[in-house]
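Here are my notes on this one, written while I was clicking through the model.

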Amino acid sequence: MKLKNFVKFGLAVGAAAAAAPYIQKKLKEPAGKRFLYDTANGAANGLCSVIGAVLPDGETGDVLDFSPDLLLPGTGPFLKKAAANARWHLGFAKESLLPDDISADKYYIGGYLAFPPNVAEGVLDDQMIRCVALSDGSGRGIAVFAVIDCVGISNHDINEIRTRLLDDCKEKNIVSINISATHSHSCIDTMGVWGELTTALKVNPGKVKREETDFVSGRNESFMENLKQAACRVIRTAVENMKPGQLQHGIQDGSRFVRDKRPPEVMMTEINTLLFTPDDGSAPTRAIIMAAHPTQFGGSNKIISADYPYYICEEWEKRGENALFFQGAQLAIATERAGNVPDGLSRAESIQEYGRAIGRFCLEAEMQPVEPLLNITGKRILVTISNKIFDLLAKIQVIDNDVLTGGEGGKLLIVSELGYAELGDIKIAMLPGEVAPEIIRGGCLTAEESYDGSSWRYAPLEETAGSRLVVIGLCNDEIGYIIPDNDFGSIIAPLHYEESVSTGKHTASKIVKEFTSLLKSIQYQAD
């Protein structure tokens, strides 16, 4: 150990010894447990800070070079009513992402930290990318909505896919490409977090310093390259497959299928179904947006599965329909199989039947026509990384999110984005992580109930938008959990696990302010 580090270590030990009486006193006070949680949390963050301070910076840009304009343009000025002779056009495509032989390489299962990490040993069902291309026939462009069976995908990867499609965008008038994740915790790792973390911590700093690029990560780069190529193919095919037809929308109360694991127990329990029926009588396309974590296989699972969303889609595919599942606002929303599946089934059979039950349930939705009106826009944003665990993962290049230096107090900034769309009178928020439903709908904890004793000072996004919002979560990025600032607590406190996988305490307020700004920036075309 170098002398200066030895001195620092000695000072830290001495300070801890001197503070012992004070700590004992605090633990006896009414808020003693919280003091313990905060102290332990501070120690963990401090350790990550010390490690991070001696590491070379990875591949980062500077905040001064940030351009907020690097997005596809969207539809331009919004229309308040459908254009003359408007007509919905939709195309669908899908493709498997699974390697031909998973035993030929190492593929980590993304979703649960395990030591040693979970390496795929078998396949239960498919890991897919599904895509629709949509326009309202007004000539203002095509919007693409794709969804990948995975735990999450970074904005960096999505922008690389967009870049590969720039010529297609110009030729076909594609004005928006949006890619989200189902958030299945039993698919091949697309984020990098669920590989050999201890090895990454040991090896990657040297690679950063030597400007090498073969970092240790849970991501299999051959798999990721195939994913990007597949994404380009399905987007092109979906655009080529576009046909005129009718779009319908239905809403059902899906509260029987979900439960909330974290106060204040606010859930967006509605299941939104969209159904497109082509004029030519070919296969209809059905999509749902539902909020619940696909985490039913558990933390020791080594079998690849898209979890319950796969079996929702399978139920519709049996009827000759195309099918997609989009994840909603599901911070701590879990599935509820009790009462929805028969007793006596194996875990896999129970998960399969749960998905099929939802699929059958959605077929009962009362559907209403959607006016052929598509408006869509987006905004690039910068989110401060104050969570030192996230900061460390970025510095050692385990995750490949785009990161900038120059944040307040020397903090790193993660480049992300928000989106907003209108399909007729359906308003859709496209958010880059796992958002707490109460941020959208209201009902955040009061000052007395919250972790830090303060109030949440922002109006619900539905109030700001002026109507009910449909949320597509993990859309165009995965930045972890988006938790109201006033209830952002210690990662070891009960019911506060989510803080460990979040960019930081003020992420939620940042998202709310930026989304509000996005809504205010929208210009409507004069009648």
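**Notes on pockets, cavities and a helix pair**

1. Start with the open space. Helix H9 contributes the most to the lining of the largest pocket, with four residues. Keep in mind that this is a predicted model.

2. That largest pocket holds about 1,000 Å³ of space. Besides H9 (388-395), the elements that supply two or more residues to its lining are helix H2 (32-54), helix H5 (197-209) and strand E15 (333-335).

3. The pocket has 45 lining residues, and Leu113, Trp194, Tyr497, Ser500 and Val501 are the ones nearest its centre. By type, the lining splits into 26 nonpolar, 11 polar and eight charged residues.

4. Of the elements, E12 gives the most, with four residues. The lining comes out as 14 nonpolar residues, one polar and one charged.

5. The second largest cavity has about 110 Å³ of space. Its lining has 15 residues, and nearest the centre are Leu71, Leu72, Ser176, Asn178 and Glu417. Strands E7 (174-181), E17 (374-385) and E19 (412-423) are the elements that each put two or more residues into this lining.

6. On to the helix pair. Helix H7 (residues 308-317) packs against helix H8 (residues 347-362) with an angle of about 45° and 7 Å between the axes. That angle is why H7 counts as oblique to H8. The crossing of H7 past H8 is right-handed.

7. Who touches whom? On the H7 side, the contact involves Tyr308, Tyr311, Ile312, Glu314, Glu315 and Trp316. On the H8 side, the residues are Ile351, Gln352, Tyr354, Gly355, Arg356, Ile358, Gly359, Arg360 and Cys362. Sorted by type, the contact of H7 with H8 has eight nonpolar, three polar and four charged residues.

Note on methods:
Residues are numbered from 1 along each chain as its sequence is written. This is a predicted model: local features need pLDDT of at least 70, side-chain atom pairs count only at pLDDT 80 or more; totals for chains, interfaces and linings use all residues. Side-chain values use heavy atoms; hydrogens and water are left out. On a 1 Å grid over the protein atoms alone, a cavity is a set of points where a 1.4 Å probe fits but cannot get out, and a pocket is an open set with protein on both sides within 12 Å along at least five of seven lines; lining residues have an atom within 4 Å of a point. Grid points are joined across faces, edges and corners, and a volume is the space filled by probe spheres set on the points. Ala, Val, Leu, Ile, Met, Phe, Trp, Tyr, Cys and Pro count as nonpolar, Asp, Glu, Lys and Arg as charged, and the others, Gly among them, as polar. Axes are lines fitted to C-alpha atoms, for helices over the stretch in contact, and angles run from 0 to 180 degrees between N-to-C directions. Angles under 35 degrees count as roughly parallel, over 145 as roughly antiparallel, 65 to 115 as roughly perpendicular and the rest as oblique. A crossing is left-handed if the near helix is turned anticlockwise from the far one by less than a right angle, and right-handed if clockwise. Contact means heavy atoms within 4.5 Å.
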